[in-house]
Amino acid sequence: MIGNKKIIGICGSASHNSANLSILKWIAESGKADFDMEIIDDLTELPHFKTELTDKNIPEKIAEFRTKIENADGVIICTPEYVFSIPSGLKNMIEWCVSTTVFSDKPIGLITASASGIKGHEELKLIMETVQTKFTDETALLIQGIKGKVEKNGKVSDKKTETELKKFVESFEKLTRKPAGNKGYN
């Protein structure tokens, strides 16, 4: 083995120490035999999207972020739902990448962990399909009622959720093994 895969974990929550961040930390720990995950947990550091800066005079933070995505073997997004949608910081991050190919054919895991999350999860899947990422039903997980499933210390306290996350990590690891262009993606 040449080394562990490089995975970028993106926390869509605007809250520090959110359940979404705890889930990403749990995934990083449980998947460490197969991948090294860098977690990005403050999307407010990225400037607000401006169309005229997407290809020329690109802000340094955006150029660095795009490079991280491009060089990663896969990406995992874990986000809550805000007002039946994805959070604005996450949407802003994606908008900075739309004019590029950094997400094209990129294996991705999508987790929406929220009170309900149904609408936000569907929106996230649609957006990530539009930017041509590769995911499967097994790498797109909706966790409803998250506040009762993850403790303040970050421990996943709900056994069903823990089982679902283990299956997610297994499926994501398999997805990152598939060569680009291979059938079997969503």
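This is a predicted model: local features need pLDDT of at least 70, side-chain atom pairs count only at pLDDT 80 or more; totals for chains, interfaces and linings use all residues.
Q: How much space lies in the largest pocket?
A: About 380 Å³.

Q: Which residues are closest to its centre?
A: Asn 17, Ser 18, Ala 19, Ile 146 and Lys 147, out of 19 residues that line the largest pocket.

Q: And which element gives the most to that lining?
A: Helix H1, with 3 residues. Helix H1 (19-30) and strand E4 (108-114) are the elements that give two or more.

Q: What about the second largest pocket, how much space is there?
A: About 240 Å³. The second largest pocket has 18 lining residues, and Ala 14, Leu 43, Thr 44, Ser 88 and Gly 89 lie nearest its centre.

Q: How does that lining divide by class?
A: Into 7 nonpolar, 9 polar and 2 charged residues.

Q: New topic. How many salt bridges does the structure hold?
A: It holds 9 salt bridges. One of them joins the side chains of Glu 38 and Lys 68, at 2.6 Å from N to O.

Q: Where do those two sit in the chain?
A: Glu 38 is in strand E2 and Lys 68 is in helix H2, 30 residues apart.

Q: Which residue pairs with Glu 95?
A: Lys 91, with the closest N and O atoms 2.8 Å apart. Both are in helix H3, 4 residues apart, so about one helical turn separates them.

Q: Which residues are linked in a network of salt bridges?
A: Lys 5, Glu 173 and Arg 177.

Notes. Residues are numbered from 1 along each chain as its sequence is written. Side-chain values use heavy atoms; hydrogens and water are left out. On a 1 Å grid over the protein atoms alone, a cavity is a set of points where a 1.4 Å probe fits but cannot get out, and a pocket is an open set with protein on both sides within 12 Å along at least five of seven lines; lining residues have an atom within 4 Å of a point. Grid points are joined across faces, edges and corners, and a volume is the space filled by probe spheres set on the points. Ala, Val, Leu, Ile, Met, Phe, Trp, Tyr, Cys and Pro count as nonpolar, Asp, Glu, Lys and Arg as charged, and the others, Gly among them, as polar. A salt bridge is a side-chain nitrogen of Lys or Arg within 4 Å of a carboxyl oxygen of Asp or Glu.
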